Amino acid sequence: MKVMLVSALLGLICFTIAKLDAATAEGSECTKAAALSCGDCIKIGQQCGWCTQKDYRSSRCDEIQALLDKGCPSISMENPRGSVSIDEDKPVTNREKDVATNKTKLEDITQIQPQKLTLKLRAGEPQKFSLKFKRAEDYPIDLYYLMDLSDSMTQDLQNVKSLGTELAREMQDLTSDLRLGFGSFLEKLVMPFVMTTPAKMANPCAPLSCTRPFSYKNVLSLTKEGRNFTEIVSRQKTSGNLDSPEGGFDAIMQAVVCQDVGWRRATKLLVFSTDAAFHFAGDGKLAGLVLPNDGKCYLENNEYTKSDYFDYPTISQLADTLSQNNIQTIFAVTEKVQPLYKELSDLIPKSAVGTLSANSSNVIQLIVDAYNSLSSEVILDNSKLPDGVSISYVSHCKNGVSETGDKGRKCSNISIGDEVNFDITITAKDCPSQGKSETIHIKPQGFNEEVVVDLNFICECECHKDGIVNSPDCHFGNGTFECGICRCNKGRIGRLCECSRDEVGTEDLDANCRRDNGTDICSNNGECVCGVCECKTRDNPEEKYEGKFCECDNFSCDRSGGKLCGGHGQCMCKKCVCDEKYTGSACECSLDKEPCRASNGRECNGRGTCICGECKCTDPKYRGTTCEDCPTCGGHCGEHKECVKCRMHEKAGDRKCQDECYYFTLTKVKTKEDLPQSDGQSIFQDCKERDDNDCSFFFVYQANKTSGAHVVVAEAVECYTAPELIPIVAGVIGGVVLIGLALLLIWKLLMTIHDRREFAKFEKEKMNARWDTTQNPIYRSAVTTVVNPKYEGK
């Protein structure tokens, strides 16, 4: 019995392990991909490794732990990992504005660290690095004021003339290195935007006087001389055009891309001041201008010369150009058009909108406030990523605040001297560009510094370099032996390039030798030859591997008693096919029920089930090999009492009696004296039991295995008459009443005697009294008379 249980338990464990292995294999992305080379394997994901061992027979591309579990030594495993290396790592600059000596040069100021990195990327394996940003103190500022000089801005121009000296004074707390420039714009010099008649081209404001129309002028390149700004701007005059929207987009494009403006490697601010809306791409078609703006500089003598040749720039083109040149834009506009420029600002990175007063008197405060707003926010941006490469950001800003997702790109409320950090993760989903290196740039919007990140992709294993071309290990030199396998020459296929592609119709021959898309080739019991399994042979010729995938054998079945299939069956495909009258995983279970037959001829005495030739008692009171032993029962008498009663008084239709109590024969006799005596050769017991009427009945139980069980019962029963209850109860009640009356009479007698004695005693005491019966002897008067002895009666 114990052997059977152990065998069943081992079988269950093996079955469970096999199921787990199958589930693991089915769920492995590495094996599902059916990689034919080490390079293909490592592109599937970071969890996949390749076994280079020459005689390894399972799937070479699998999860690392699975390869180890299947016997691939770690020294023979290819599992390249990505890495991050820092190539340039200058610390951020600690620059002080008030220190005049040894001042850091502009080109040496660093606000972001590190500056250059190299990443080795393997498909599916993220690489993480950190960036530090610190706003440097006293950082140079280039501010270019681009103003609408249409006739409606005459009063505004008067206030801008003093902008140079006043703005330098206001911004001295922010920087000691401020450069100012000035540009103006109007409109394209074509109809219907400008009247092109000679008279109107000379003076478009006639009869009033104003300057000739123009598209864009670089009036003053960026300079430190605030006086020059005031002097040159004071000489400017407004002009006129036909429609309300202005050609400011042309002016912004030229001011950004033209070197004549003099932009430095500094914080670049472009202040765009107007009281009108703007023309954008497509509006030029009104004048027949269909060529898209090419974003190049066309200044001659500081004036835009292609306004009548190209259309206006698009908004996205303008946004990209400003971003690429790290220019932060401040739209200083009147209240009337402020909502329009607010929407435009949402499309242009690092831009702000300020509302001008009616005559631009607040322009200086507007610029200072907008600058503080723009420079206090750091937003990281990156250049276009190669296909299959993704990037994510996590920001660590002031006061321990961290953000992820889109918010992970930026930190707000950054003051001068504050440091913030960003964690950046780059992941390659594939191996793009056939493994060519790529470069991306990460930079804060509106700042000149950037981080250069070189991306190198791991697309091949190290063992690929050691491949042997036309190796003899590859079927007479029909392939290159690398990474433990043969990479076949053109027209050849198979594990050892032993097959011609013309003879087989599939690329992955091993797939035909894997059962249920598993990982083992020919179940590890054979060789896959041109897509067909050839099973191994055993030292014992009687033992064989069989099946399409060599998945069967005739020697791996369960054993019982040290014998294969218990000696009662044959092993077929790792399972026992049992002989007749035997069952179980090892044919260890006999179906013969004779050992379970009790002395009464019943199987397991009717108290159990015969399993594998042994009784499993279902009634907990019974035990033994045939469930006949009952330590708590009253022998055979108590055991058969109910069935004897049932058979004596059997009623028609009593199914329970008919189903359960016909395991013995029954003979009736008249009286108990007629019951037989023991013959000494069989089980014999005299029984006396009570029936439902509390009468005693008598029977004899006798049984042996040959003749079965036999019961002889006496029809005559012995009953006992029960005493009359009413007289007994009446007598008890009467006795209790009589005893109570007697006790009351005795109590009355005693009380009468006691009273008479007390009265006699009282009469005697009364006769002996010596005091007058009219006076109470215990009376005392409440009045006391006292005579004064000195009183003489006078």
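How many bridges join strand β8 to β9, and do they run parallel or antiparallel? Hold that for a moment. A word on confidence comes before it.

This is a predicted model. The chain averages a pLDDT of 83. Of the residues, 89% score at least 70. Confidence is lowest in helix α1, residues 2–27, with a mean of 44. Helix α9, residues 248–257, sits at the other end: its mean of 95 is the highest in the chain. Over residues 1–27, pLDDT stays under 50. For that stretch the model has 13 contacts beyond four places in sequence.

Now the strands. Back to the opening question: β8, residues 141–148, and β9 are joined by eight bridges, and they run parallel. On to strand β10, residues 216–223. Five bridges join β9 to β10, and this pair runs antiparallel. S184 turns up again here, with K217 in β10 as its bridge partner.

Next, the helices. Take α9 again, with helix α10, residues 315–324. Their axes come within 10 Å and cross at roughly 25°. Angles under 35 degrees count as roughly parallel, and α9 and α10 are therefore roughly parallel to each other. The crossing of α9 and α10 is left-handed. Which residues meet there? From α9, we have F249, I252, M253, V256 and V257. They meet I315, Q317, L318, T321 and L322 in α10.

That's the tour. Questions, please.

Key: Residues numbered from 1 in each chain as written. Predicted model: local features only at pLDDT ≥ 70, side-chain atom pairs only at ≥ 80, totals over all residues. Heavy atoms only, no water. pLDDT = per-residue confidence, 0-100. Helix = DSSP H or I, 4+ residues; strand = E, 2+ residues; numbered from the N terminus. Contact = heavy atoms within 4.5 Å. Pairing = 2+ DSSP bridges. Axes fitted to C-alpha atoms, helices over the stretch in contact; angles between N-to-C directions. Parallel < 35°, antiparallel > 145°, perpendicular 65-115°, else oblique. Left-handed = near helix turned anticlockwise from the far one by under 90°.
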